[in-house]
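Visitor: I am new to reading protein models. Could you take me through one, feature by feature?
Guide: Gladly. Here it is.
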Amino acid sequence: MNKRTLLLTLPAILLVLSMLLSACGANADSGEASEIEIKFPSIWVAKDSKAATFTQIVKDFNDQNQGKIKVVVEEIPDYAAYKDKIRTNITTGTAPDIFSFDNPADGEFYYKSGNLADLTPYLDDQWKSTFLDHAFDNATYDGKVYSIPFEFGVTPVLYNTKLFKQAGITGFPKTYTELFAAFDKLKAAGIAPATQMTGGDGWVSMLWYSQLVSAIGGPDVYKHGLDDPAFVQAAEVLKKLFDYTTGDAVGLDNAGGHFLNQQTAVLLNGPWFIGRIKKEGIDHLYDSVEVAPAPVYEGGKGQPGQYIGFTQASLAVGKQKDKKKEEAIVKFLKYLTSPDNVKKISLDSGSLFVIKYEVTKDDKVERLQTEMKKGMEAAPYIIPHFRASVSPAVGAEFPQALSGLVLGKYTPEQFVEQLKQADSK
């Protein structure tokens, strides 16, 4: 390259550099923002009945906000692992951008942590009007709203009429005396009467215990604490129920598998399980399943038709340093909880929600869901389940103490004592 060529080239180079710098300055002046990424660890994945519709809703939101906001779902299908993760995140001050929880006692712990965003400023009248009355009663702490109630759960009896008929039983028993007589018939016919479990959080057996505690002690039983005699008496009956279950009940952590495969005739579970009955149940299981309230306990303070009901899922937001990101998260929450999207999830999965939506004559309303709603409306009262009514420590101790009860390590009195000791640690 000669000297003249160099002199001619330098101005051109400087001109190009000047143009590039001007372009960068223009982009900066335009205020063009990078895409906001929202991380959402979720259990509504894999085999969960809400998974398909939830995934589509997230995709639709991301498409509508392309280049601006993106929700990234972290799939955690294991419920126990999910709860452990969220509790660890909250404890260590690394709360996810969005997460869900199902236990009011856990919610109180999260609220007190100081690691959640205050959603009060965003909850305007328009958004709040889409929820059922009193939906936010358990969502506030110190006068501020820290979670958005979402899914509502009831856990009546689901029973297999086909297996009942095989054992010569018509209809579901009204009392526990009748229940054990029916279970004897099922057992004699070679059918395991009901699912029980001590693995994981002991979900199904915890629901049986919840039904028994309130059937014996009445709707106000939890006001008296674990000293109420109903807790010991309920433990006695629960232990007897383990004589009418599968051989793997101690340690079992799969709440629905036996029922889906028609290996048990009775299961306590909620509306979210309906989708699994449809998709995973063998031999047209869905057509054989009916809904009933749990039996009444003779001599107990409970009333016929009682229902166990609770907020099954609430949505919370981790405290954010970036105000724009917090606003983006709330935008997604409003989208997810909109009546139209909630209706899609509800009709597809059978789940119930605390958000109001209109059902038209053209909508295919789920049969079992309808039966559950009728049961709710007819119930003399609706009471939370055991785990939602005690401290997290007691709820965590329940499956371990139950294993000890079933295996003969603890008497019913000692079982309750184990729960009390967990509460005092």
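Visitor: Is Glu280 buried, partly exposed or exposed, and what is its relative accessible area?
Guide: Start with the scale: buried means under 20% relative accessible area, exposed over 50%, and partly exposed in between, with a 1.4 Å probe and protein chains only. Glu280 has a relative accessible area of 26%, so Glu280 is partly exposed.

Visitor: What kind of model is this, and how are residues numbered?
Guide: This is a predicted model, where local features need pLDDT of at least 70, side-chain atom pairs count only at pLDDT 80 or more, and totals for chains, interfaces and linings use all residues. Residues are numbered from 1 along each chain as its sequence is written, and side-chain values use heavy atoms, with hydrogens and water left out.

Visitor: Which residue does Arg276 meet in a salt bridge?
Guide: A salt bridge is a side-chain nitrogen of Lys or Arg within 4 Å of a carboxyl oxygen of Asp or Glu. Here the partner of Arg276 is Glu280, at 2.9 Å from N to O. Both lie in helix α11 (residues 274-280), four residues apart, about one turn of the helix. Helices (H or I, at least four residues) and strands (E, at least two) are DSSP runs, numbered from the N terminus.

Visitor: How many salt bridges are there by this rule?
Guide: The count comes to 20. Take Glu371 and Arg367, whose closest N and O atoms are 3.3 Å apart. They sit four residues apart in helix α15 (residues 367-378), separated by about one helical turn. Glu371 is partly exposed at 23%, and Arg367 is partly exposed at 29%. Bridges can also share partners: Lys83, Asp102, Asp201 and Arg387 are joined into one network that way.

Visitor: Which residue forms a salt bridge with Glu151?
Guide: Lys50 does, with the closest N and O atoms 3.3 Å apart. Glu151 lies in strand β6 (residues 148-154) and Lys50 in the loop between β1 and α2 (51-64), so this pair ties together parts that are 101 residues apart in sequence. Glu151 counts as buried at 2% relative accessibility, and Lys50 counts as buried at 3%.

Visitor: What is Ser42 in contact with?
Guide: Contact means heavy atoms within 4.5 Å. Leaving aside neighbours within four places in sequence, Ser42 is in contact with Phe54, Val73, Glu74, Glu75, Ile76 and Tyr82. Ser42 belongs to strand β1 (residues 36-42). Its relative accessibility is 1%, so Ser42 counts as buried.

Visitor: Which strands pair with β9?
Guide: Two strands pair if DSSP finds at least two bridges between them. Strand β7 (residues 157-160) pairs with β9 in the antiparallel sense over three bridges. Tyr159 has Val266 in β9 as its bridge partner. Strand β8 (residues 192-194) runs parallel to β9, joined by two bridges. There, Ala192 stands opposite Thr264 in β9. Strand β9 (residues 264-268) is mostly covered, with five of its five residues buried.

Visitor: Which residues are closest to the centre of the largest cavity?
Guide: On a 1 Å grid over the protein atoms alone, a cavity is a set of points where a 1.4 Å probe fits but cannot get out; lining residues have an atom within 4 Å of a point. Of the 17 lining residues, the closest to the centre are Ile43, Lys83, Ser100, Phe101 and Asp102. The largest share of the lining, four residues, comes from α3.

Note on methods
On a 1 Å grid over the protein atoms alone, a cavity is a set of points where a 1.4 Å probe fits but cannot get out, and a pocket is an open set with protein on both sides within 12 Å along at least five of seven lines; lining residues have an atom within 4 Å of a point.
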